[in-house]
Amino acid sequence: MWIDLWNSTLHPHLKLLLWKIWSDLLPTKGRLGLEDKSCVFCGLEDESALHLFCSCSVTRALWFQCKWGFRTDSFSWSSIADFGMWWAKLLDDEAQSYIACLCDIVWRKRNNIIFKGDCCNMQAMIKEIRERAAEMHFSMASTEVIEHQEDVVNEPLPHQDFIKYSVDASGLNSKAGLGVVELSGEAVGDWWATTEISEVSGVLEGELRAIRLALVQASLRNVTKLLVQSDSKAAVLALRCGSLPLAWGTYPVYESCLSLCKCFDHVIFSFIPREENRVADALAGWARSSSSCISGLLRDVAPFVATTLM
């Protein structure tokens, strides 16, 4: 069981969680010896690892909602280790990753109910499990290895009929300011700029959200040929090669970027060094610090940024 787990292609976070579950190391109410041991989902039985992840009526419904229609009540597991042994024998990698994501969402929702006062929303949990599982399966199934980064750095510039957009994200904790600048017009203050604030799970998601914002704005401004410049090699390579690096939480926004590309005749994603992306970088920092969500001329959207860069 343990060899199968550690040799799997699951995200390290999921491997560690499954190891804790099957070793019965999670601080469930039963292990902590609390006076109130009732399950936060069903409230009918004491909370143990086996109950929480396998036999609770809410959890059983989540298992059954997957495309395999698993019925945990028919497995006759007598211990949480039996669950692990069953998982290790599965021949379907997609099913293994789905179950791992299900356990992750169940444990996180359980903690949010206890410590943050959240409520149990079955449809929201099912949706999140499916999104996480789709992201995980996409990353596991991708066999293309991105190697030739210098080809992206040194790529030739497109013809002049492409409209250039520079993008960046400035993050602090889980909050990111997004900055998008359309590089058209002679004066910096006359460039069209857009800012937004977003909750992100990591740096790559912030960069992809900035790129998505650029695609949305370019579509609204009826741009047909678009060059998006970012100082994130990972984001540019992912969009150019159609292969997303394994980064938890990024798949939905990545897929959204690819979908938005269909709105244009031609889209090119290009990497530029950070020192050449100072306008978008400054705008993203401005957006985060001022909680700005606005579009307009740069001198009106972020006058301090415009005057500093002139």
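Is Arg 108 buried, partly exposed or exposed? Partly exposed: the relative accessibility of Arg 108 is 31%. Keep in mind that we are looking at a predicted model.

Let's stay with Arg 108 for a moment. Arg 108 sits in helix H7. What does Arg 108 touch, leaving aside its neighbours within four places in sequence? Two residues: Glu 128 and Arg 132. With Glu 128, there is a salt bridge between the side chains, at 2.8 Å from N to O. This pair links distant parts of the chain. Arg 108 belongs to helix H7, residues 93-116, and Glu 128 to helix H8, residues 122-141. They are 20 residues apart. And Glu 128 itself? At 25% relative accessibility, Glu 128 is partly exposed. Why can such a pair form at all? Side chains of opposite charge can pair when their charged atoms come close.

On to the other salt bridges. How many are there? The count comes to 14. Here is one of them: Lys 225 with Asp 161, at 3.1 Å from N to O. Again, the pair links distant parts of the chain, 64 residues apart. Lys 225 is in strand S4, residues 225-230. Asp 161 is in the loop between helix H9 and strand S1. Both ends come out as partly exposed: Lys 225 at 29% relative accessibility, Asp 161 at 44%. There is also a network. Salt bridges with shared partners join Asp 168, Asp 231, Arg 274 and Asp 281. One more pair: Arg 71 and Asp 73, whose side chains form a salt bridge at 3.4 Å, N to O. Asp 73 is partly exposed, at 47% relative accessibility.

Next, the sheet. Which order do its strands take? The order is S5-S4-S1-S2-S3-S6. That makes an open sheet of 6 strands, with mixed pairing. The edges are S5, residues 266-271, and S6, residues 294-297. Each edge strand pairs on one side only. On average, neighbouring strands are turned by 20° against each other, direction ignored. What holds strands together in general? Strands of a sheet pair through backbone hydrogen bonds, either parallel or antiparallel.

Take S4 and S5 as the example. They run parallel, and 6 bridges join them. Look for Gln 229: opposite this residue stands Ser 270 in S5. Now find the helices on the sheet. Helix H11, residues 233-241, packs there and touches S4 and S5. The direction of H11 makes about 150° with that of S5. Helix H13, residues 278-290, also packs on the sheet. H13 touches S1, S2 and S3, and its direction makes about 140° with that of S2.

Last stop: two helices against each other. H2 covers residues 12-22 and H6 covers residues 80-88. Their axes come within 8 Å. At what angle do they cross? Roughly 135°. So H2 is oblique to H6. Which residues meet? From H2, they are Leu 18, Ile 21 and Trp 22. From H6, they are Ile 80, Ala 81, Phe 83, Gly 84 and Trp 87. By class, that contact has 7 nonpolar residues, 1 polar and no charged ones.

Find the salt bridge from Arg 108 to Glu 128. Find the open sheet of 6 strands. Then find H2 where its axis crosses that of H6.

Definitions and conventions: Residues numbered from 1 in each chain as written. Predicted model: local features only at pLDDT ≥ 70, side-chain atom pairs only at ≥ 80, totals over all residues. Heavy atoms only, no water. Axes fitted to C-alpha atoms, helices over the stretch in contact; angles between N-to-C directions. Helix = DSSP H or I, 4+ residues; strand = E, 2+ residues; numbered from the N terminus. Parallel < 35°, antiparallel > 145°, perpendicular 65-115°, else oblique. Contact = heavy atoms within 4.5 Å. Nonpolar A, V, L, I, M, F, W, Y, C, P; charged D, E, K, R; others polar. Salt bridge = Lys/Arg side-chain N within 4 Å of Asp/Glu carboxyl O. Buried < 20%, exposed > 50% of the residue type's maximum accessible area, 1.4 Å probe, protein only. Pairing = 2+ DSSP bridges.
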